Amino acid sequence: MAEIGVDIDKARKLLDQGQLVAIPTETVYGLAGNALNPDTVSQIFAVKKRPFFDPLIVHVSDLNQLEELVEHIPESARQLAEKFWPGPLTLVLPKRSKVPDLVTGGLNTVAVRLPGHPMTRKLLQTLSFPLAAPSANPFGYISPTTVQHVQDQLGDEIPYILDGGDCQVGIESTIVAFEQNQPIIYRQGGIPREQISSLIGAVKVIEQKETPRAPGMLRSHYAPGKPLYLGNIPELLQRFKDQPIGLLTLHKHYSEVPDDFQIQLSASGNLNEAAKNLFAALRKLDGMSINFILAEPVPTNGLGPAINDRLRRAAT
Ligand code: TXA
Ligand code: MG
């Protein structure tokens, strides 16, 4: 088992030695290591059982550190960084050669973000290098939003988990790339599209059916072990009539299903609260003695599209 604690100096020492530490961010917990050390980066891939072609996000302490990693920052990227950093936004920019190819899966771009969690910000400020950190879960599984989630799945593989409490956003960062200088959303996440377009104008979102721009955009992701069906709940209940099922809804309660087998993401229908609870709810359903998880899409304002994206990728 990993040691769990709030000792930033201990985390720094381990990272300085090239070891891995799980770190809290406002979105999900990350599995962090020195982004500029290829041996450390390859350990990250090994612990996650992640294929080498799926690139990692690099976490920086400030804009100066960003400038050391990338060749060029488009004006709209700079505006986004100034407005939303620290926060759940990742920018994909042309990389400098000091960023190891292993980090970027051989791409000539690097994904960078300045996370908002105060503990991890402090840690980054004490380090002399940026941190590569994918979500701290085995490849393809649900991202961790609590210390316990990390301990359960990666505890045997890492020495230390920095305990920053439960993640407040609960879904991963929004990833914005620039193709011919046009901003484009590669992954919907903690910053809603409306907020991005209100700052820099209309922004396209890559649809799932398009060719993945990066392998991490694979269709099946965030997947619980149990088959999840996404659709109209009354119809799904009809279809799975005689089966043990669990329900996931935004706030609706279904009297035909026992209370212990249904989870409402937010009693008041608040999408921020729903995002915060989403991954823990999926894990809880995964652990129930049921055969199927039935879920319905949430409304499409605010964080709704990002939640629905996670549900679609979790679905069978
Ligand atoms: O909120 C987050 O972003 C969390 C926390 C820990 O910061 N991190 C996270 O990392 O979600 P990960 O590895 O689970 O997802 C990173 C995504 C992948 O889908 C990957 O394909 C994409 O970022 N990505 C990384 N570098 C890229 C690049 N150069 N071009 C396009 N996509 C990239
Ligand atoms: Mg992930």
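What covers the buried residues of helix H1?

Author: Happy to walk you through it! This is a predicted model, in which local features need pLDDT of at least 70, side-chain atom pairs count only at pLDDT 80 or more, and totals for chains, interfaces and linings use all residues. Residues are numbered from 1 along each chain as its sequence is written, chains are lettered from A and ligands numbered from 1 in the order in which they are written, and side-chain values use heavy atoms, leaving out hydrogens and water.

Let's start with the helix itself. H1 spans residues 8–16, and its buried residues are Ile8, Ala11, Leu14 and Leu15. Buried here means under 20% relative accessible area, with a 1.4 Å probe and protein chains only; helices are DSSP runs of H or I with at least four residues, strands are runs of E with at least two, and both are numbered from the N terminus.

Now to your question. The cover over these residues includes strands S2 (21–23), S3 (30–34), S7 (131–132) and S8 (160–162), along with helix H6 (118–126). Contact means heavy atoms within 4.5 Å.

Finally, look at the two ends. At the N-terminal end, Asp7 caps H1, with a side-chain oxygen 3.1 Å from the backbone nitrogen of Asp9. Just after H1 comes Gly18, which takes a positive phi of about 90°.

Technical notes
Buried means under 20% relative accessible area, exposed over 50%, partly exposed in between (1.4 Å probe, protein chains only). A polar contact is a pair of N or O atoms within 3.5 Å; within protein, one must be able to donate a hydrogen and the other to accept it, and residues adjacent in sequence count only if both atoms are side-chain atoms.
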